[in-house]
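Work through the exercises below with the model open beside you. Each task comes with a stepwise solution.

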Amino acid sequence: MQRLSGRERRFQQWLNHQISVAVIQQAKNAKAIVAIENLTGIRERTNTQPRSKVERRRSNSWSFYQLRCFLEYKGIKEGVEVIAVPPAYTSQTCHQCLHIGLRSDKRFKCGNCKWHGDADLNGAKMISLLGQSVSLPGGSGYLCCNLSTDSSGLLQSPAL
């Protein structure tokens with residue numbers, strides 16, 4: 001038992017280090033920023049849902065905060081900006097038209113623009129858009145949707 005003590009923690013720390021080095025190096029080479037989701041309190045939110053013991057163990061054993069800290073300090077060292085974006089609606093908002101869509105398991109479907117695909121890919125693209133809008137001075141034109149007006153000049157609600 002003493003020999004195995006801390007083995008998982010050391011492995012997780014080593015893996016987080018390897019991931020953060022690769023991400024920061026890739027961002028530095030591309031002259032890009034790194035946008036990550038602020039996962040503070042994720043365990044409290046997800047543990048209220050009924051899940052199997054294996055799923056709970058898998059999600060509760062990962063050290064999100066440690067990875068974020070590694071990314072932040074390595075980003076400062078290499079001159080790469082790291083932004084933590086709020087997680088609210090990132091996986092439920094369509095990255096094409098910025099309307100709330102339907103997420104069902106691993107699939108996402110937008111009722112407005114009819115885009116459909118992998119929900120995690122859509123969430124990652126939304127985090128990227130949020131990161132871009134935060135990093136540009138004065139914001140960006142990315143996070144705005146077109147509003148339609150009818151012949152009387154009144155706003156129309158988007159068709160879902």
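## Exercise 1: Cysteine pairs

The sulfur of Cys-94 sits 3.6 Å from the closest cysteine sulfur, in Cys-113, which is too far for a bond. A disulfide is a pair of cysteine sulfur atoms within 2.5 Å. The model is a predicted one: local features need pLDDT of at least 70, side-chain atom pairs count only at pLDDT 80 or more, and totals for chains, interfaces and linings use all residues. Residues are numbered from 1 along each chain as its sequence is written, and side-chain values use heavy atoms, with hydrogens and water left out.

Task: find how many disulfides the structure holds, and state whether Cys-94 is buried or exposed.

Solution. 
- Step 1. Apply the cut-off to the sulfur pairs. The structure holds 0 disulfides.
- Step 2. Buried means under 20% relative accessible area, exposed over 50%, and partly exposed in between (1.4 Å probe, protein chains only).
- Step 3. Place the residues on that scale. Cys-94 has a relative accessible area of 0%, so Cys-94 is buried. Cys-110 is at 0% relative accessibility and therefore counts as buried.

## Exercise 2: Two histidines in one loop

Task: place His-95 in the chain and list what His-95 is in contact with.

Solution. 
- Step 1. Locate the residue. His-95 lies in the loop between strand 2 (82–85) and strand 3 (102–104). Helices (H or I, at least four residues) and strands (E, at least two) are DSSP runs, numbered from the N terminus.
- Step 2. Read the accessibility. The relative accessible area of His-95 is 11%, so His-95 is buried.
- Step 3. Collect contacts (heavy atoms within 4.5 Å). Leaving aside neighbours within four places in sequence, His-95 touches Trp-115, Asn-122, Lys-125, Met-126 and Leu-129.
- Step 4. Look for polar contacts. Such a contact is a pair of N or O atoms within 3.5 Å; within protein, one must be able to donate a hydrogen and the other to accept it, and residues adjacent in sequence count only if both atoms are side-chain atoms. The side chains of His-95 and Gln-96 are joined by one of 3.1 Å.

Task: which side chain makes a polar contact with the side chain of His-99?

Solution. 
- Step 1. Locate His-99. The loop between strand 2 and strand 3 holds His-99.
- Step 2. Read its burial. His-99 has a relative accessible area of 14%, and is therefore buried.
- Step 3. Name the side-chain partner. Asn-112 makes a 3.0 Å polar contact with His-99, side chain to side chain.
- Step 4. A polar atom of the His-99 side chain lies 3.1 Å from the backbone oxygen of Cys-97.

## Exercise 3: Positive phi

Task: what is the phi of Leu-98, and what is that of Lys-114?

Solution. 
- Step 1. Recall the background. Most residues other than glycine have a negative phi.
- Step 2. Read Leu-98. Its phi is positive, about 65°, although Leu-98 is not a glycine. Leu-98 lies in the loop between strand 2 and strand 3. At 18% relative accessibility, Leu-98 counts as buried.
- Step 3. Read Lys-114. Its phi is positive too, near 70°. Lys-114 is found in the loop between strand 4 (107–109) and strand 5 (116–118). At 53% relative accessibility, Lys-114 counts as exposed.
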